[in-house]
Amino acid sequence: MQKLSLLFTKDGLQWHISKGKNVLQEASFFVTEETSPNLIEEKLDEILMKNDYQEISVFSALNHFSLMPETFAEHELGYKLISYNAPVDEENEELMFSMNKKFGIQFYYTFPKKFYQKIKSKKLATKFNFSGEKLLSAIHVRNNKEIHINLYHHQVEFFAFENKKVILYNNLDADSEVDFLYFIMFSLSKINFSTTETYFYIYGETAENETFISELKKFVKNLKLISENSAKKNFVLSY
């Protein structure tokens, strides 16, 4: 059975068609000044016209989310919780939910309704998930203080752990790797993590963000690359 996996980022769409662990086809599209502003919708329509897959897996890294403990049950407040982090358009955004029992965390996030409806119209077995939950599922915490950073094209998300518990998650859209570095270092200062005692783990688009990684190495003592994206290997889509 073949599966279509879709990853939505800010102004970006990446997809794989796979069979088992083998990636058969892949493509990436990003909106630029030279492309149509509707590029993502156009490319989504194109891949959804294919009929060589029988199930769909969708991951959203869009920066519309809220993080809550797994015991929180007032799901009707999902839009309101997200609105504290980003503007919410309830008419055009579908409220979504992902649970991570491993760390006792749940995510509320929104996903564009027009994309949601197009995907559901295929009437195939479909799973939706938030990128942060996918990252969290792959993490194995071994040290007292850890930062796990997942890099994208013009985007970064990270988790901070203390005593094997999640104490912070955040997600930033930015065109500059310097902004990524400032974002991480500023967050460290807010949670009182020193660069010498904290262990850093990097995933995702490492080649595209070499400047960020090389600059981060100047400040931190413990840094390890865990998963690096390459042809037919994408941390979010492939694992």
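1. Leu6 is in contact (heavy atoms within 4.5 Å) with Leu13, Gln14, Trp15, Leu44, Ile47, Ile56, Ser57, Val58, Phe59, Ile119 and Leu237, leaving aside residues up to four places away in sequence. A nonpolar core here is a set of buried Ala, Val, Leu, Ile, Met, Phe, Trp, Tyr and Cys residues joined through side-chain atoms within 4.5 Å. Buried means under 20% relative accessible area, exposed over 50%, and partly exposed in between, with a 1.4 Å probe and protein chains only.

2. The model is predicted: local features need pLDDT of at least 70, side-chain atom pairs count only at pLDDT 80 or more, and totals for chains, interfaces and linings use all residues. Residues are numbered from 1 along each chain as its sequence is written, and side-chain values use heavy atoms, with hydrogens and water left out.

3. The largest nonpolar core has 46 residues, and Leu6, Phe8, Phe111 and Ile119 have the most contacts inside it. Helix α1 (residues 39-48) gives the most to this core, namely 5 residues. Helices (H or I, at least four residues) and strands (E, at least two) are DSSP runs numbered from the N terminus.

4. Buried in α1 are Leu39, Ile40, Lys43, Leu44, Ile47 and Leu48. They lie on the same side of α1 because they cover an arc of only 160 degrees around the axis, the arc being that of the directions from the helix axis to the C-beta atoms. The buried residues of α1 pack against β1 (2-9), β2 (12-19), β3 (22-30) and α3 (113-120).

5. The largest pocket holds about 440 Å³ of space. Its lining has 20 residues, of which Thr9, Asp11, Leu62, Pro112 and Phe115 are the closest to its centre. On a 1 Å grid over the protein atoms alone, a pocket is an open set of points with protein on both sides within 12 Å along at least five of seven lines, a cavity is a set where a 1.4 Å probe fits but cannot get out, and lining residues have an atom within 4 Å of a point. Grid points are joined across faces, edges and corners, and a volume is the space filled by probe spheres set on the points.

6. β7 (105-112) is among the elements that supply at least two residues each of the lining of the largest pocket, and β7 has the largest share, 3 residues.

7. The largest cavity has a volume of about 30 Å³. β9 (145-152) and α7 (235-238) each supply at least two of its lining residues.
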